[in-house]
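Please examine the model shown below, together with its sequence. The paragraphs after it proceed from the overall fold to one helix pairing and then to the nonpolar core.

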Amino acid sequence: MEQFITRLDVQFSEHYWIFLVPMFLMLIDFATGIIHAWATGHLKSFKMREGLSKKAGELAILAIGEVFTVGMSIPIYVLSFLSIYIIMMEVISICENLKKMGIRIPKFIDKALEDMDNEIQKGGK
């Protein structure tokens, strides 16, 4: 058990970015969503709670992935993939919020994000 805890501590410190980057982007997404909803008069606590529960679920997936990575010696690439997937979803959501707020996104970025979002949506079906 002591070895597991020591290994867990080392693993968390070695790849903290896998949690911090998605959390940082979730915070930005939450803030841009709140600002847009407030500015348009559509701020609803239900939608906010729904969004926060999704974000908590995404973080739970990362935490479970960390446990499996450490406890079952699953390659770090699996956890990295989960983190990158969440990062991509958050970037898409942030750009959508910015577009709703009237901020222009360069067409090539908008097109790339739209293509990425379409691929993500296909993967879920």
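How many helices and how many strands does the protein have? In this predicted model, the protein has five helices and zero strands. Along the sequence, the pattern accordingly reads α-α-α-α-α. Of the contacts between residues at least 6 apart in sequence, 73% join residues at least 24 apart. Buried residues account for 26% of the 125 residues in the protein.

Helix 3, residues 45–71, packs with helix 4, residues 76–100, at an angle of about 170°, and their axes lie 9 Å apart. Because angles over 145 degrees count as roughly antiparallel, helix 3 is assigned as roughly antiparallel to helix 4. The crossing of helix 3 with helix 4 is left-handed. On the side of helix 3, the contact is formed by Lys55, Glu58, Ile61, Leu62, Gly65, Glu66 and Thr69; helix 4 contributes Ile76, Leu79, Leu82, Ser83, Ile86, Met89 and Glu90. Classified by residue type, this contact comprises seven nonpolar, three polar and four charged residues.

In soluble globular proteins, nonpolar side chains tend to be buried together. Here, the largest nonpolar core consists of six residues, namely Ile18, Phe19, Met26, Leu62, Leu79 and Ile86. Helix 2, residues 17–40, and helix 4 each provide at least two residues of this core. Helix 2 supplies the largest share, three residues. Leu62, Leu79 and Ile86 belong to this core and also take part in the contact between helix 3 and helix 4.

Definitions and conventions. Residues numbered from 1 in each chain as written. Predicted model: local features only at pLDDT ≥ 70, side-chain atom pairs only at ≥ 80, totals over all residues. Heavy atoms only, no water. Axes fitted to C-alpha atoms, helices over the stretch in contact; angles between N-to-C directions. Helix = DSSP H or I, 4+ residues; strand = E, 2+ residues; numbered from the N terminus. Parallel < 35°, antiparallel > 145°, perpendicular 65-115°, else oblique. Left-handed = near helix turned anticlockwise from the far one by under 90°. Contact = heavy atoms within 4.5 Å. Nonpolar A, V, L, I, M, F, W, Y, C, P; charged D, E, K, R; others polar. Core = buried A, V, L, I, M, F, W, Y, C linked by side-chain atoms within 4.5 Å. Buried < 20%, exposed > 50% of the residue type's maximum accessible area, 1.4 Å probe, protein only.
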